[in-house]
Protein chains: 2
Amino acid sequence: MTISKTAIAGSGIIGSSWAIVYARSGLDVAIYDRNPDNRASLMARIGKALDESSALFAPGETTADVLARIVVHDNLEAALVGADFVHECIEEKLESKKTIFAEFDRLTGPETILATTTSSFPVSQFASDLGCRDRCIVVHPATPPHLLPVTEICAAPFTSPGVFDATFRFMERCGQTPVHIKKEIPSFVLNRMQAALVVEMFRCLNEDLISPADIDKIISQGFGLRWAFLGPFEGVDLNATGGIRQYLENFGFLFNNMANELGFADVVTPHSIDLLEDYTRTKIPLDSLGEKVSWRDQSIIALRLLKDERGTVDRA
Amino acid sequence: MTISKTAIAGSGIIGSSWAIVYARSGLDVAIYDRNPDNRASLMARIGKALDESSALFAPGETTADVLARIVVHDNLEAALVGADFVHECIEEKLESKKTIFAEFDRLTGPETILATTTSSFPVSQFASDLGCRDRCIVVHPATPPHLLPVTEICAAPFTSPGVFDATFRFMERCGQTPVHIKKEIPSFVLNRMQAALVVEMFRCLNEDLISPADIDKIISQGFGLRWAFLGPFEGVDLNATGGIRQYLENFGFLFNNMANELGFADVVTPHSIDLLEDYTRTKIPLDSLGEKVSWRDQSIIALRLLKDERGTVDRA
């Protein structure tokens, strides 16, 4: 199935950002909002965000070209006509999701993919009883998706594998980075990972170990420079000449100490080491790690120069 | 006190990186290592790292200029002669720290600052009984310090305030970003924050929620793009027009849910909100948040273009 027209329900920060993702990928976008004020401001909001992100357009495209693919609707049914991919981006309330997915069920054909941008609710919580349930899937981004590519894809047990595959490929085609959440859990993984870090930041703050400004600097003048290019696991892979297996066999106890302190069993286990060994050695062989270290270091230096160039808008 | 000569004990990854930080800042560096192989390879290792990081040199400087400030010693006493700032970078064993700080005590004058790059041991664990104890202080970086600026500074209760202040200013002068760890705790804050995130990554992996590759992408194609420029707290400040106070009053429960799930009390409290409000509103007034959002977004776009340019050395 080729997706050529998308429909979006809800034109807030996330809905309008998805409109940009789809329209700059060459797709037609029909965007519905029941709120007249939101509709009235929408094209100006999108136009501004497009102007500010034109560096991410396809070669030769202008804001006007992209904007011309977007149509605003005050009527859901009209917005859905001909849509191959529908993205629900309304308020984060379970009852509201139930209501609008029942509408989708009534108003869309059997080939239309029905995605939700929810950050909280697995599909099973609101679409289990609908005839369209095999076409329903979570497509939850980092905010905003037109700037941050990573996007969680989480199917319900009843979602059709074809819908999952088509959604995954569609996100890739749109320049996003889909990641597969394999089980339906509330709040998925992305926000859970962020919360784990932020909770620890709060704990250090509340214990008066360090000031808020200094906590932020540990990320923005430290790990953030590395994580801009490398996930933490592949980062660990560069910390020993024998790669992640060697590192974790020697120093995994440091993570286990932290896990135990948090009340968890050991997290670094023979099984998790095997998984990470498979992952990293598929990515890059051991004898090329030195090359990757140089690439990382050059990337960090380039980022530092970029940061110097960008300066700051803070007063202090 | 003006620091013009530094001495470093231990020429491993961290010791040689600190030598780069100091030498490229115009300081003389005497570096001691008891291991002949380490000494034999040292200047070549530093020369390579200098060539690769020459973009961070002061204007007009060359690798040869910087290298000319570094002298390798096979004798600790000779290395310490005339040093204003000594940085211990030897193996991470408590007994070894005790031994070498006793040597520092014997061999240095009353004005010399004695820093340790330890990632584990507060000064009180190994220097309490020494006459030099008021000059001892932890100066622990992200790895490697010549690329990642953030550096933890942790004084013992008996460290002189003058030594703390001089060390803090010295790090700033060297282009590092010092952060103040206010209490002596094992492993300090930087590694604790990293471990909190990595432990959660392992938990998601071990629960088979998501693949290792996809976990890494959540950072490298998601939060990492933001954290390269903004600490998470100042990032949260941009999530509501009323800033971090408004955001946390509305959505702080999300972090508290995570904290409770981890077995902690609420972390978002009136007190922590006050601290974060003071921090962020000193940084930037509410009516300039829109400007900062634009700056963040433009920064992320510039980073995405940089990443496209840098490509990857991974095979898969």
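Mentor: Please keep in mind throughout that this is a predicted model. Let us begin with a pair of helices, one from each chain, where α12(A) passes α12(B) in a right-handed crossing.

Trainee: Which residues of α12(A) and α12(B) make the contact?

Mentor: On the side of α12(A) the contact is made by A:Trp295, A:Gln298, A:Ser299, A:Ala302, A:Leu303, A:Leu306 and A:Arg310, and on the side of α12(B) by B:Trp295, B:Gln298, B:Ser299, B:Ala302, B:Leu303, B:Leu306 and B:Arg310. Sorted by class, the residues in this contact are eight nonpolar, four polar and two charged.

Trainee: At what angle do helix α12 of chain A and helix α12 of chain B pack, and how far apart are their axes?

Mentor: Helix α12 covers residues 289–310 in chain A and residues 289–310 in chain B, and the two pack at an angle of about 150° with their axes 11 Å apart. Because of that angle, α12(A) is roughly antiparallel to α12(B).

Trainee: How are α11(A) and α7(B) placed relative to each other, roughly parallel or roughly perpendicular?

Mentor: For this reading, angles of 65 to 115 degrees count as roughly perpendicular. Helix α11 (residues 270–283) of chain A and helix α7 (residues 190–206) of chain B cross at roughly 95°, and their axes come within 11 Å; α11(A) and α7(B) are therefore roughly perpendicular to each other. In this contact A:Ser272, A:Leu275 and A:Leu276 of α11(A) meet B:Phe202, B:Leu205 and B:Asn206 of α7(B), and by class the residues divide into four nonpolar, two polar and no charged.

Trainee: How many residues of chain A are in contact with chain B, and what area do the two chains bury between them?

Mentor: There are 105 residues of chain A in contact with 105 residues of chain B. Between them the two chains bury about 10800 Å², of which 68% is on carbon and sulfur atoms. On the chain A side, the residues that lose the most area to chain B are A:Arg192, A:Met193 and A:Phe233, which together account for 7% of what that side buries.

Trainee: Now for the sheets: in what order do the strands of chain A lie?

Mentor: In chain A, eight strands form an open sheet with mixed pairing, and their order is β3-β2-β1-β4-β5-β6-β7-β8. The edges are taken by β3 (70–73) and β8 (177–181) of chain A, each of which has a single partner strand, so one side of each is left without a neighbour in the sheet. Ignoring direction, neighbouring strands of this sheet are turned by 25° against each other on average.

Trainee: Which strand pair within chain A could I look at, and what packs on the sheet?

Mentor: Take strand β4 (residues 85–88) and strand β5 (residues 113–116) of chain A, which pair in the parallel sense over four bridges; there, A:Glu88 has A:Thr116 in β5(A) as its bridge partner. Helix α2 (residues 36–52) of chain A packs on the sheet, where it touches β2 (28–32) and β3 of chain A, and its direction makes about 165° with that of β3(A).

Trainee: And what is the strand order of the sheet in chain B?

Mentor: Chain B has an open sheet of eight strands in the order β3-β2-β1-β4-β5-β6-β7-β8, again with mixed pairing. Its edge strands are β3 (70–73) and β8 (177–181) of chain B, each pairing on one side only. Strand β7 (residues 150–155) of chain B runs parallel to β8(B) and is joined to that strand by five bridges, and B:Cys154 stands opposite B:Ile181 in β8(B).

Notes:
Residues numbered from 1 in each chain as written. Chains lettered and ligands numbered in written order. Predicted model: local features only at pLDDT ≥ 70, side-chain atom pairs only at ≥ 80, totals over all residues. Heavy atoms only, no water. Pairing = 2+ DSSP bridges. Axes fitted to C-alpha atoms, helices over the stretch in contact; angles between N-to-C directions. Parallel < 35°, antiparallel > 145°, perpendicular 65-115°, else oblique. Left-handed = near helix turned anticlockwise from the far one by under 90°. Contact = heavy atoms within 4.5 Å. Nonpolar A, V, L, I, M, F, W, Y, C, P; charged D, E, K, R; others polar. Buried area = accessible area lost by both parts, 1.4 Å probe.
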